[in-house]
Amino acid sequence: MADSRRPSNVNEAGLNKNEYRGAPTTLCAGCGHNSISNQIIAACFEMNLIPENLLKFSGIGCSSKSPTYFLNRTFGFNSLHGRMPSVATGAVFGDHSLKAIAVSGDGDTASIGMGQFKHVIRRNLNMVYIVENNGVYGLTKGQFSATAEEGLSLKYQGRNPYEPIDICVEALAANATFVARSFAGDAKQVKSLIKAALSHRGIAILDIISPCVTFNNSDEAHHSFGWGRENETPIHDITYVPVRDEIRIDGYENGSTKLVEMHDGSVVLLEKVGEDYDPTDRMSAVRLLEDAAAREVLITGLIYIEQDEPTLTDIYEIPDTPLNRLEESRLRPAPETLEKINARMF
């Protein structure tokens, strides 16, 4: 029963939703990344999490700017391109009592960061790892990323000749203990999956398709100072980005499909996993993704979960007291221990 004395806009932690927000976004209007940030805010508020009990990490890219826009009271670290997992691993080792939320992009994760992505999964670090997947490098003028579909044509990049990397397939291949996919416009599903990921003990991979409204669209839907760039020598590269509405979808039930039109007129066919799907069967998850790829649909929902796998801190038998709070007497080896170590050196 709810506490009638508590204001309706305050959760059980005694906080209102504004205390989970961050700085105003500087991303393009209509960017799906903003919708994902909003769902992180909503999920943490509704789960009554204390912001100071969370950590947030990112690499480089439009997606990696996102942690600025949520959980302003939470300690965060914006790391190097593709190197976020190393920083996060050190932080979680330092204080495993805190829950980590990492936000990366398809370039930051599936290109320069692929090696670190695979190894942080293999080690089962206790962390929510969100990939805001738009198929382009938005901060450097929209080059194809490793997840861009074969045959995709972009205004300044030509045609992509390569097959895409599937984030969920790579996560399963690395033995991730939680794998899910969603679409940024499906706010209800995104929030539910974030809540499930935050409740999971181990690595939780969320591949969230988040269309880029600026670069991943057609010439007709994108106005720019192209003529000026071709005929003058400007001191700045200025491109007009029209304000877009975020793509949102409703009435999309489990087991159903939904055709979603992008800003450029292209379409994506989404399909939610059904109620009878078993996310604990790893081979079923692989078959599900292979079948979806063959039918050219984006399967969404909880694809795979393993709840009994030991986390990285379990493997190293980290004590209950976080390492950064251990007293010197517990960190410094006893004289007799040092003598035994030294004796083995001779």
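Helix α1 (residues 32-46) has 15 residues and, at 1.5 Å a residue, should span 21 Å, which agrees with the 21 Å between its end C-alpha atoms; the expected span is 1.5 Å times one less than the number of residues. Helices (H or I, at least four residues) and strands (E, at least two) are DSSP runs, numbered from the N terminus. This is a predicted model, in which local features need pLDDT of at least 70 and side-chain atom pairs count only at pLDDT 80 or more, while totals for chains, interfaces and linings use all residues. Residues are numbered from 1 along each chain as its sequence is written, and side-chain values use heavy atoms, with hydrogens and water left out.

**Helix α1 and the residue after it**

- Of the 15 residues of α1, 13 are buried, so the helix is largely enclosed by the rest of the structure; buried means under 20% relative accessible area, exposed over 50%, and partly exposed in between (1.4 Å probe, protein chains only).
- Just after α1, N48 takes a positive phi of about 60 degrees.

**The loop residue S79**

- S79 sits in the loop between β2 (75-78) and α2 (84-94), and with a relative accessible area of 7% it is buried.
- The side chain of S79 reaches the backbone nitrogen of M84 at 3.3 Å.
- Leaving aside neighbours within four places in sequence, S79 is in contact (heavy atoms within 4.5 Å) with S58, G59, I60, M84 and V87.

**Salt bridges**

- The whole structure holds 13 salt bridges, each being a side-chain nitrogen of Lys or Arg within 4 Å of a carboxyl oxygen of Asp or Glu.
- One of them joins E52 to R73, with the closest N and O atoms 2.8 Å apart, and this pair links the loop between α1 and β1 (54-58) with the loop between β1 and β2, 21 residues apart.
- Both partners are partly exposed, E52 with a relative accessible area of 39% and R73 at 35%.
- K272 and D186 meet in a salt bridge at 3.3 Å, N to O; because K272 lies in strand β12 (residues 267-272) and D186 in the loop between β9 (178-183) and α6 (187-199), the pair ties together parts that are 86 residues apart in sequence.
- K272 and D186 are both buried.
- R295 forms a salt bridge with E271, the closest N and O atoms being 3.0 Å apart, and so links helix α8 (residues 282-295) to strand β12, 24 residues apart.
- R295 is partly exposed at 39%, whereas E271 is buried at 14% relative accessibility.

Conventions: Polar contact = N/O pair within 3.5 Å; in protein donor to acceptor, adjacent residues only side chain to side chain.
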